[in-house]
Amino acid sequence: GSQQRSRDPGEEDGLDEVLCPTDYASSGCLVDDELFDLLVTPLPSGCKLTIILDCCHSGSAVDLPFVWDGGWRMTPGACLTAGDVQMFSGCEDSQCSMDASRMGRPAGAMTSALSEALEEDPNPGYPELLDRLRDILIDRNFEQRPQLSSSQQFDPRGKQFSLCEGAVANGHRQLGRAAVRRHEERPTAFFF
C-alpha cells in the first residue's frame with residue numbers, strides 16, 4: 001500500500017490510500033475511493049463482506065465510514081451504504097505494515113497476529129480481536145497499530161468475529177454522503 005495526493009476535499013489528511021497491484025507501473029494503483037465504489041457500494045442490506053488488509057497505509061484503505069476507537073466514530077465526509085462490511089487493516093494510514101515470519105515462512109506481521117489470535121480464541125468479539133492483535137504486535141516489538149472499521153455501527157457485545165456469519169442489516173436512515181457538521185450549531189434563542 002501507499003498514499004497519493006487526493007483530489008477529494010473529504011480526505012482529512014489530503015491523501016488517498018492506494019493498493020499497489022503487481023502491474024501498478026503500467027495500470028496504476030487502486031485508490032481507496034475506487035475500492036469503496038467497487039466493493040462496498042453495490043452490496044445490499046444483509047450482505048456481509050470481511051476485508052483483511054495487511055499492507056502499508058491501510059487504516060482507511062476502503063474509506064469505511066465508522067472507525068472503532070473504544071466506540072464507533074464517524075469519519076468526516078463518510079458515505080453510508082446498505083451492506084455490512086468490516087475491515088481489519090494492518091496499520092494506521094500514516095504507518096507501514098511490517099513483514100514477519102510464521103512457522104518459518106514469510107508473512108505480514110498483522111496476518112501472523114490474526115492467525116495466532118484466532119487459534120487462541122476462534123470466536124472473539126470484534127473489539128477483543130482488535131485488542132489482541134495490537135497486544136501480539138506490541139509483544140513482538142512492532143510499532144504498527146491495526147485498525148477496525150465498518151460500514152455499519154453495531155453493538156460489539158452482541159457480535160462475534162466471523163468472516164461470513166452474522167450480517168448486520170442496514171441501519172442507516174439515508175444512504176450516500178453524510179453531512180458532518182464541522183462546528184456545533186448554537187441553539188436559536190427565542191424571546192417573547
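User: Which residue lies over the face of Phe-154, and at what distance from the ring centre?

Analyst: This is a predicted model. Lys-159 lies over that face, at 4.4 Å from the ring centre of Phe-154. The cut-off for a charge over a ring is 6 Å from the centre, so the distance of 4.4 Å meets that part of the definition.

User: Why is the pair of Phe-88 and Tyr-126 called stacked?

Analyst: The search of the whole structure gives six aromatic pairs. In the pair of Phe-88 and Tyr-126, the ring centres are 6.1 Å apart and the planes stand at 5°. Rings pair if their centres lie within 6.5 Å, and planes under 30 degrees apart count as stacked. Both values pass, so the pair is stacked.

User: What makes this pair a tie between separate parts of the sequence?

Analyst: Phe-88 belongs to strand S8 (residues 84-89) and Tyr-126 to helix H4 (residues 126-139), so the pair ties together parts 38 residues apart in sequence. Ring pairs also link Phe-88 and Tyr-126 into a cluster with Trp-68, Trp-72, Phe-154 and Phe-161.

User: How do you know whether Phe-88 and Tyr-126 are buried or exposed?

Analyst: Buried means under 20% relative accessible area. Phe-88 has 1% and Tyr-126 has 0%, so both residues count as buried. Of the 192 residues of the protein, 44% are buried.

User: What makes the reach of helix H3 close to the expected one?

Analyst: Helix H3 (residues 109-120) has 12 residues, and 16 Å is expected at 1.5 Å a residue. From its first C-alpha to its last, H3 reaches 17 Å, close to that value. Its buried residues include Met-110 and Leu-114.

Terms used: Residues are numbered from 1 along each chain as its sequence is written. This is a predicted model: local features need pLDDT of at least 70, side-chain atom pairs count only at pLDDT 80 or more; totals for chains, interfaces and linings use all residues. Side-chain values use heavy atoms; hydrogens and water are left out. Rings of Phe, Tyr and Trp (its six-membered ring) pair if their centres lie within 6.5 Å; planes under 30 degrees apart count as stacked, over 60 as edge-to-face and the rest as tilted. Helices (H or I, at least four residues) and strands (E, at least two) are DSSP runs, numbered from the N terminus. Buried means under 20% relative accessible area, exposed over 50%, partly exposed in between (1.4 Å probe, protein chains only). A charge sits over a ring if NZ of Lys or CZ of Arg is within 6 Å of the ring centre and within 35 degrees of the ring normal. The expected span of a helix is 1.5 Å times one less than its number of residues.
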